[in-house]
Amino acid sequence: MPNFSVGYDVKLKIFHYLCDKKFAMAKINRLKSILVEKNRTNLWLASQLRVNPTTVSKWCTNSSQPDILMMLRIAQLLDIGIKDFYDDSIVEQYEVWQQ
């Protein structure tokens, strides 16, 4: 693969797109686990983000994924890194984090 000088935000968008297309309904994010680790609930996150609790539930079950800006807000609220948001199998398959 050619080494294009692409910014981190572009790599993240590409990664997120690939996750949406290739891994539909697969375990992509770790949101449910992270909420448990942080002693937070879906309802807490929904109220912090001002979204419908059903939306957060869909993210937790991986039936849908938050967009990139929302993912950044979630990471900030939960005090986690972006890489921590994703399941290890996804990170291993797409090592965009080290490029």
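Me: Buried means under 20% relative accessible area, exposed means over 50%, and partly exposed lies in between, with a 1.4 Å probe and protein chains only. The model is a predicted one, in which local features need pLDDT of at least 70, side-chain atom pairs count only at pLDDT 80 or more, and totals for chains, interfaces and linings use all residues. Residues are numbered from 1 along each chain as its sequence is written, and side-chain values use heavy atoms, leaving out hydrogens and water. Is Leu 43 buried or exposed?
Reply: Leu 43 belongs to helix 3. Its C-alpha is 5.8 Å from that of Pro 53, a residue 10 places away in sequence. Because its relative accessible area is 58%, Leu 43 is classed as exposed.

Me: How many helices does the protein have?
Reply: Helices (H or I, at least four residues) and strands (E, at least two) are DSSP runs, numbered from the N terminus. Along the sequence the pattern reads α-α-α-α-α-α-α. The protein has 0 strands, and its helices number 7.

Me: Which helix has the highest confidence?
Reply: Confidence is given as pLDDT, the predictor's value for each residue from 0 to 100. The mean over the protein is 80, and 64% of its residues reach 70 or more. Helix 1 (residues 8-22) has the lowest confidence, with a mean of 62, whereas the highest, 98, belongs to helix 3.

Me: What share of the residues in the protein is buried?
Reply: The accessible surface is about 6,400 Å² (Shrake-Rupley method, 1.4 Å probe; for residues, only the protein chains shown count as cover). Carbon and sulfur atoms account for 52% of that surface. Of the 99 residues, the buried share is 39%.

Me: What share of the contacts between residues at least 6 apart joins residues at least 24 apart?
Reply: A contact is defined by heavy atoms within 4.5 Å. Among contacts in the protein between residues at least 6 apart in sequence, the share joining residues at least 24 apart is 68%.

Me: Which helices are included in what covers the buried residues of helix 3?
Reply: Helix 3 spans residues 42-49, and its buried residues are Trp 44, Leu 45, Ala 46 and Leu 49. The cover over these residues includes helix 2 (31-37), helix 4 (53-60) and helix 5 (68-78).

Me: Which residue lies over the face of Trp 44?
Reply: A charge sits over a ring if NZ of Lys or CZ of Arg is within 6 Å of the ring centre and within 35 degrees of the ring normal. Trp 44 is one of the buried residues of helix 3. At 4.2 Å from the ring centre, the residue over its face is Arg 40.

Me: Which residue meets Arg 30 in a salt bridge?
Reply: A salt bridge is a side-chain nitrogen of Lys or Arg within 4 Å of a carboxyl oxygen of Asp or Glu. The whole structure holds 1. Arg 30 is placed in the loop between helix 1 and helix 2. Its partner, at 2.8 Å from N to O, is Glu 37.

Me: Is Glu 37 buried or exposed?
Reply: Beyond its neighbours within four places in sequence, Arg 30 is in contact with several residues, including Glu 37, Asp 84 and Asp 87. Since its relative accessibility is 53%, Glu 37 counts as exposed.

Me: What is the angle between the planes of Phe 85 and Tyr 86?
Reply: Rings of Phe, Tyr and Trp (its six-membered ring) pair if their centres lie within 6.5 Å; planes under 30 degrees apart count as stacked, over 60 as edge-to-face and the rest as tilted. By this rule there is 1 aromatic pair. Phe 85 and Tyr 86 form it edge-to-face, with 5.5 Å from centre to centre and an angle between the planes of 85 degrees.

Me: Is Asn 62 buried or exposed?
Reply: Most residues other than glycine have a negative phi. The phi of Asn 62 is positive, near 65 degrees, and this residue lies in the loop between helix 4 and helix 5. Because its relative accessible area is 6%, Asn 62 is buried.

Me: Is Asp 79 buried or exposed?
Reply: Asp 79 has a positive phi near 55 degrees. It is placed in the loop between helix 5 and helix 6 (82-85). As its relative accessibility is 64%, Asp 79 counts as exposed.
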